[in-house]
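Q: Please give a close account of one part of this model. Cover how that part ends, what surrounds it, and what the chain does just after it.

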Amino acid sequence: MKRFIQGQDRTQSTLLPELLDEYISEENPVRVIDLFVDGLDLKSLGFEGVVPADTGRPSYHPSALLKLYVYGYLNRIQSTRRLETEALRNVELMWLIARLAPDFKTIANFRRENGKAIRKVCAQFIELCRQMNLFTDAMVAVDGSKFKAVNSSDQNFTQAKIKRRMQEAEASIAQYLKDLEAADLRSPAGSTPHQVRLAERIELFKKQMNALQAIEEQVQVAPDKQVSISDPDARSMQHRGGGIVGYNVQAAVDTKHHLIVAHELTNIGHDRNALATIADQAKEALQVDELTVVADTR
């Protein structure tokens, strides 16, 4: 072991910095997040809970949850459960939100209830970048990305999927009826546990058939012949050689500093008609007369 770099003895006493601030360097991006959020008028932006209620349990201030959300965005931490975990072990987050530890439901509710306000914060950030002359090149790159929704594949229905599931249910019913008939021949009384289970399974599949028929009616009247149960706006689309139930996010990114200047959430599975719309949004966000836009052909 003499030829290896040695670590410190775990039983050795150490003198750690007394201040949490000493762990965060002056160049750390979390200091920018802290200053940016503290400079926002959250009430005018439409955030809920800026003024606390006179009664009830105290709540987290929206600025702390917004800082946590922005930190997660910059560090590609999308899961609210992961943000909850990071708040308990990540020194940067301990500094940023003063060692608060909101649970994942609180974080998720904040994002759901303040979606419009968060979009306004993005606009404020773009305005700040413009004032700092970060968008002088007037050139953006546009591309689309697929994001998975909470709606699972089993809760998304198309005409082809319903037809396939009905065929599977009908085949299962036919098989159970055949098994039940054979069981009746062996035990005419019809009261054996096996016969009872078979009869229950047949009733279960019949209920599934009725439910599929009801969903099929919804699919028929849907404009795109598709229905998602858990997340009505989510759609099934091609993704990396397979399928995904989710959304297509179109984003315009500044080519010099790689900052997102405009984005649009759609449930259309392709990018063929999205370029002009997102390019116009980027042009409006940058407030320029001419804008160079680059994009791939796929």
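A: Asn133 follows helix H7 and has a positive phi, near 60°. Helices here are DSSP runs of H or I with at least four residues, strands are runs of E with at least two, and both are numbered from the N terminus. The model is predicted: local features need pLDDT of at least 70, side-chain atom pairs count only at pLDDT 80 or more, and totals for chains, interfaces and linings use all residues. Residues are numbered from 1 along each chain as its sequence is written, and side-chain values use heavy atoms, leaving out hydrogens and water.

H7 itself runs over residues 115–131, 17 residues in number. From first C-alpha to last it reaches 25 Å, close to the expected 24 Å (1.5 Å times one less than the number of residues). Its buried residues (under 20% relative accessible area, with exposed meaning over 50% and partly exposed in between; 1.4 Å probe, protein chains only) are Ala117, Ile118, Val121, Ile126, Cys129 and Arg130. The cover over them, counted by contact (heavy atoms within 4.5 Å), includes helices H1 (29–38), H2 (42–45), H3 (62–74), H6 (104–113) and H10 (275–286), together with strand E6 (260–266).

In the largest core, of 26 residues, Val121 is listed with Leu40, Phe47, Leu66, Tyr71 and Leu96 as touching the most other members. At least two residues of this core come from each of H1, H2, H3, H4 (80–89), H5 (91–96), H6 and H7. The most, five residues, come from H3. Leu40 touches Val121 and Gln124, along with Leu45 and Leu66, when residues up to four places away in sequence are not counted. A second, separate core has 15 residues, among them Ala138, Ala252, Val261 and Ala282.

Phe135 is buried, at 11% relative accessible area. Beyond its neighbours within four places in sequence, its contacts are Ile126, Cys129 and Arg130, plus Asp254, Leu259, Val261 and Leu286. The C-alpha atoms of Phe135 and Lys256 lie 7.8 Å apart, although 121 residues separate the two in sequence.

Definitions and conventions: Core = buried A, V, L, I, M, F, W, Y, C linked by side-chain atoms within 4.5 Å.
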